[in-house]
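Me: Please show me the structure, and then I will ask about it.

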Amino acid sequence: QVHLVESGGGLVQPGGSLRLSCVASGSIFRLATMGWYRQAPGKQRELVSTITSRGTIDHADPVKGRFTISRDNARNTVYLQMNSLKPEDTAVYYCNLNVVRQDYWGQGTQVTVSS
């Protein structure tokens, strides 16, 4: 069983920054594609960023140039550095671990961008 625990969310003003962290239990982290998704009120969950086991990165268009995903396999941790935050980035952010076509999810962390 894989458990994912996110942290780092909070309230930030427009233009500010936050760094989200997600720690995974177990020994499969280094083999997995890790991702961050978000869900705003009344909207479907959407992909934000992914990073494969080999370090290939993809960011959704709305966050390109502002968000950066990274991973530390020694710490079983994936990060999402979010800069130049906008009110439309407000959402619950979820960590995802995908391996052998199985998905695992964290409980989510709230990010609110407001003045």
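Me: Which residues touch the most other members of the largest nonpolar core?
Reply: This is a predicted model, in which local features need pLDDT of at least 70 and side-chain atom pairs count only at pLDDT 80 or more, while totals for chains, interfaces and linings use all residues. Residues are numbered from 1 along each chain as its sequence is written, and side-chain values use heavy atoms, with hydrogens and water left out. A nonpolar core is a set of buried Ala, Val, Leu, Ile, Met, Phe, Trp, Tyr and Cys residues joined through side-chain atoms within 4.5 Å; buried means under 20% relative accessible area, exposed over 50%, and partly exposed in between (1.4 Å probe, protein chains only). The largest core has 29 residues, and those touching the most other members are Trp-36, Tyr-93 and Leu-97.

Me: Which element gives the largest share of this core?
Reply: Strands are DSSP runs of E, at least two residues, numbered from the N terminus. The elements that give two or more residues to the core include β3 (18-24), β5 (46-51) and β9 (91-99). The largest share, five residues, comes from β9.

Me: How many helices and how many strands does the protein chain have?
Reply: Helices are DSSP runs of H or I, at least four residues. From the N terminus on, the elements run β-β-β-β-β-β-β-β-β-β-β. The count is zero helices and 11 strands.

Me: What is the order of the strands in the open sheet?
Reply: Two strands pair if DSSP finds at least two bridges between them. The edge strands, each pairing on one side only, are β1 (4-7) and β7 (67-72). β7 pairs with β8 (residues 77-82) in the antiparallel sense over six bridges. The four strands of the sheet have the order β1-β3-β8-β7.

Me: Which residue has its charged end over the ring of Trp-105?
Reply: A charge sits over a ring if NZ of Lys or CZ of Arg is within 6 Å of the ring centre and within 35 degrees of the ring normal. Trp-105 is partly exposed, with a relative accessible area of 36%. The charged end over its ring, 4.6 Å from the centre, belongs to Arg-45.
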